[in-house]
Amino acid sequence: MAMSGGRGRFSRDTRGPQIRINHRIRVPEVRVVDADGSNLGVLTTEQALRRAQEVGLDLVEVNPKASPPVCKILDFGKYKYEEKKKARDAKKKQTVVEVKEIKVRPKTDDHDIEVKIRATRRFLEAGNKVKVICRFRGREIMHPQRAQMQLNLIMARIEDIANVEQRPEMEQRTMALVVAPKPIVFQRLNQLRQERERREAAGEIVAEPEPIEEEDLDDDDDDDDDDTEGGEESN
């Protein structure tokens, strides 16, 4: 049994320390907390085990670093379930920031630029960073001012909810802008999450927000990417 426990500890290093229960607790004495939360004081480990067995529960080491270690009498199966639930809830509350991409072209028209701006705002309002990329094909590279104007317009239209992390700059044959949500966006998202949890706890059915599909935001004029090879577009 000792050898098995040793292998378990080494194999689970990446998942955190192994919780010792019952006969895996090998110290001579422990401080014991009863199932009702009362403090039973320091007992020999054998006495503590006997106490747990008498009430049909487990002796679980909850603070191995204390001197002596602290153990609690409880239902270990239920304890593991509650710990996993806490971990899931904590993970749900974490803010995961993704970097979404929106692509434009120097020849993207005003209507499509408006579509890109609305999509950029939706990504930011969902708590994501956004990288807006203007791609140059052929002789379009000779007119970087067009891309600069487009990205400046986008920046101006999202400045109420976004901080600029990277101002428009050339990256080989592209010009890129990177923006991130302002703190007020995360405050709003936190309020919405709390309201959602309150409604779910009350038994209300809460619809999931529809995801924004990045592929729907790519410029769809790649069929004529080479049009500018034979001649420059007029300003």
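**Note on the predicted model**

1. Phenylalanine 76 and tyrosine 79 are both buried, where buried means under 20% relative accessible area, exposed means over 50%, and partly exposed lies in between (1.4 Å probe, protein chains only). The structure holds 1 aromatic pair, and the planes of the rings of phenylalanine 76 and tyrosine 79 meet at 25° with their centres 6.1 Å apart, so this pair is stacked. For this term, rings of Phe, Tyr and Trp (its six-membered ring) pair if their centres lie within 6.5 Å, and planes under 30 degrees apart count as stacked, over 60 as edge-to-face and the rest as tilted. Phenylalanine 76 and tyrosine 79 are separated by about one helical turn because they stand 3 residues apart in helix α3 (residues 76-93).

2. Because the model is predicted, local features need pLDDT of at least 70 and side-chain atom pairs count only at pLDDT 80 or more, whereas totals for chains, interfaces and linings use all residues. Residues are numbered from 1 along each chain as its sequence is written, and side-chain values use heavy atoms, with hydrogens and water left out.

3. The mean pLDDT of the protein is 81, with 77% of its residues reaching 70 or more; pLDDT is the predictor's confidence in each residue, from 0 to 100. Over residues 1-14 the pLDDT is below 50, and this stretch has 6 contacts in the model beyond near neighbours in sequence, a contact meaning heavy atoms within 4.5 Å. Over residues 220-235 the pLDDT is also below 50, and that stretch has 25 contacts beyond near neighbours in sequence.

4. The protein contains 6 helices and 8 strands, and along the sequence they follow the pattern α-β-β-α-β-β-α-β-α-β-α-β-β-α. Here helices (H or I, at least four residues) and strands (E, at least two) are DSSP runs, numbered from the N terminus. Of the 235 residues, 33% count as buried, and among the contacts with a separation of 6 or more, 59% are between residues 24 or more positions apart.

5. Valine 30 is found in strand β1 (residues 29-33), and it counts as buried because its relative accessibility is 0%. Leaving aside residues up to four places away in sequence, valine 30 touches several residues, including Ile25, Val42, Leu43, Pro68 and Cys71. Between valine 30 and alanine 66, which are 36 residues apart in sequence, the C-alpha to C-alpha distance is 9.2 Å.

6. Which strand holds lysine 100? Lysine 100 lies in strand β5 (residues 99-104), and with a relative accessible area of 14% it is buried. A polar contact of 3.0 Å joins the side chains of lysine 100 and glutamate 98, the term meaning a pair of N or O atoms within 3.5 Å; within protein, one must be able to donate a hydrogen and the other to accept it, and residues adjacent in sequence count only if both atoms are side-chain atoms. The backbone nitrogen of glutamate 98 lies 3.5 Å from a polar atom of the side chain of asparagine 128. Asparagine 128 has its place in the loop between α4 (110-125) and β6 (129-135) and is buried, with a relative accessible area of 8%.

7. Helix α6 (residues 183-201) has 19 residues that should span 27 Å at 1.5 Å a residue, which agrees with the 27 Å between its end C-alpha atoms; the expected span is 1.5 Å times one less than the number of residues. Glycine 203, whose phi is positive, near 85°, follows α6.
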